[in-house]
Amino acid sequence: MTTLPLSSTPAAPAPPGRGAASGTARRSRLKPWAPWAAAGGSLVLAFLVTLVAGTPSFASVVALAAVFYLVGLTAWSRIVEGPRWATDRLATTLVTFAFGLALVPLISLLWTVVSKGSKVFSLTFLNTNMVGVFGDMTEGGVYHAIIGTVLITAAAAAISVPIGILTAIYLVEYGRGPMARGITFLVDVMTGIPSIVAGLFAFSLFTLIFGPAYRAGIMGAVALSLLMTPVVIRSVEEMLRLVPNELREAAYALGVPKWLTIIKVVLRTAIAGIVTGVMLAVARVIGETAPLLLTVGIITKVNWDLFDGLMTTLPVYAYNQYSQGGAGVDRAWAAALTLILIVMVLNLIARLVSKFFSPKAAR
Amino acid sequence: MLGAAKKERLHMSKRIEVNDLNVYYGDFLAVEDVSMTIEARSVTALIGPSGCGKSTFLRTLNRMHEVIPGARVQGKAVMDGQNLYADDVDPVEVRRQVGMVFQRPNPFPTMSIAENVLAGVKLNNKRISKSDANDLVESSLQAANLWNEVKDRLARPGSSLSGGQQQRLCIARAIAVRPDVLLMDEPCSALDPISTLAIEDLMSELKNDYTIVVVTHNMQQAARVSDRTAFFNIAGTGKPGRLIEMDDTSTMFSSPSQQATEDYISGRFG
């Protein structure tokens, strides 16, 4: 840094002189309010045009205004600012539109679930089960389904997170040659397994071992772990590959054995990403319906025993209530809302965990 | 809990004798037929053009090259009567005795300054009392000339330091495990002149207690800090690197016996 003024002194006068000659500062720009003005003008124009053509609807006005805005602002910018800035504004507009378009289904979905789900959603709904609820009764709740979903998903995570993390460690730290390539290929294949196939697999596996009458939450957990494991492997593998090799070498050079380096340096550095990856995998399976419908079915009362008897889960509950119709439809929406809330809480916890564990320089 | 054996070893820097050492990456011979003696309590500099195998050779001295798949060594490197490549020698034990500082400072990002210094102890699951730990942090940082700059912020992350301070933190981390030999792989190439000066001063101090081997591209640095200098060269791309000659630094930079050395040192090639 100290040598910088010395070396740059002779060159310093040149750039401003050259810049002034080619007119760097003379190019005029649109005012900051120009895009807003263009947006307002496009909306008014679109409304008038649709009014002339027929009855204006919200969708047609917005769509037409978007086209007017795209053409109008680009042309305006081209006249005032030149082609490079016009292209920049065109790209900015297209990206913003794409973002808005992607938000539409998300907001619409959330709005639908919240507005329809809040009809019967209450604290009572959360801690009642469906014992003794018949016909058009509006009582009943999801307590047993929450218990089932949490237990089964936790069991699935307990199975697939250790397998997934250990496999990822093998692939990144030890795996060489055909064995590692084979595992990577099989993980890719596993990612594509349809969930109903995973359900059928767990169903036939437990039928073979425990006989045809056996039903338990663990069957669903095994089916879900089949879907979850490849997602965990993939995301943890990516996270471990992000850990710089220099840190591993630094640990080796201190006389730290490889296994301790992996546990205390590699996993510790990547923990935030691993937690996020596991949460994504949980979010991927917590809403699964088909394999659970097949294996753990549905029941009206709370079942705390993961290894004996049917269990209710939120997605299956929602499906079941919706197909009953009547008051069940409201309960189905409320169950969907509950499920979204659970996923949201899990995500918040994961955020906190990764914030707490992430490398200190990042904060 | 550091153990009496460890404390005894503190001032036992060791000489290394290398005999007919060949380094391979798979089938590729990277360094051919190196024989040299690295004296205890001195600084040995390895110089030479890029790709001549001096870093590879340096990494064979604590078996760090084995981290790369397919890398292997033929020949002997004897430290204190013990061949580092004997069948019964554990590379992890070798690395505890032969520490290393890398080209780019690499403090552990999840650890504070103090934890970085203690990394060699903590990562090996060794128990250490709080007062011993504090003493070790202070003495190591003192030895690395960093104590005065960081003593008020030992709990801050190691990555909050400047590049030169981070490199001295890495040196403190390396000497906290009390090695006999310290290898430095271009420790100043990522640093500004002032930090470089700090590290060079540090090397001159550390050679009272440690055997130091430093790889450098900077010939002035080799001339300033080292007692003996070894010149490596390579005949061409795909050919193995070789040790051309090794002598006292003053002799190497005034009247080298090989023409190639003189050409390199006087800047006629490389």
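**A tour of chains A and B**

Select chain B and find its open sheet of 10 strands, which has mixed pairing and the order β5-β4-β1-β2-β10-β9-β3-β8-β7-β6. Two strands count as paired if DSSP finds at least two bridges between them; helices (H or I, at least four residues) and strands (E, at least two) are DSSP runs numbered from the N terminus. At the edges stand β5 (82-83) and β6 (98-101) of chain B, each with a single partner strand, so one side of each has no neighbour in the sheet.

This is a predicted model, in which local features need pLDDT of at least 70, side-chain atom pairs count only at pLDDT 80 or more, and totals for chains, interfaces and linings use all residues. Residues are numbered from 1 along each chain as its sequence is written, and chains are lettered from A and ligands numbered from 1 in the order in which they are written.

Next, select residues 28-38 and 241-248 of chain B: these are β2 and β10, which pair in the parallel sense over 2 bridges. B:Glu32 stands opposite B:Arg242 in β10(B).

Now go to the contact between the chains, where residues touch if their C-beta atoms, placed from the backbone, lie within 7 Å. Chain A gives 20 residues and chain B gives 25 residues. On the chain A side, α11 (245-253) and α12 (258-286) are the elements that give two or more residues. The largest share of that side, 7 residues, comes from α11(A).

Finally, select residues 265-286 of chain A: this stretch is 100% helix and 0% strand, with its end C-alpha atoms 31 Å apart.

Conventions
Two residues are in contact if their C-beta atoms, placed from the backbone, lie within 7 Å.
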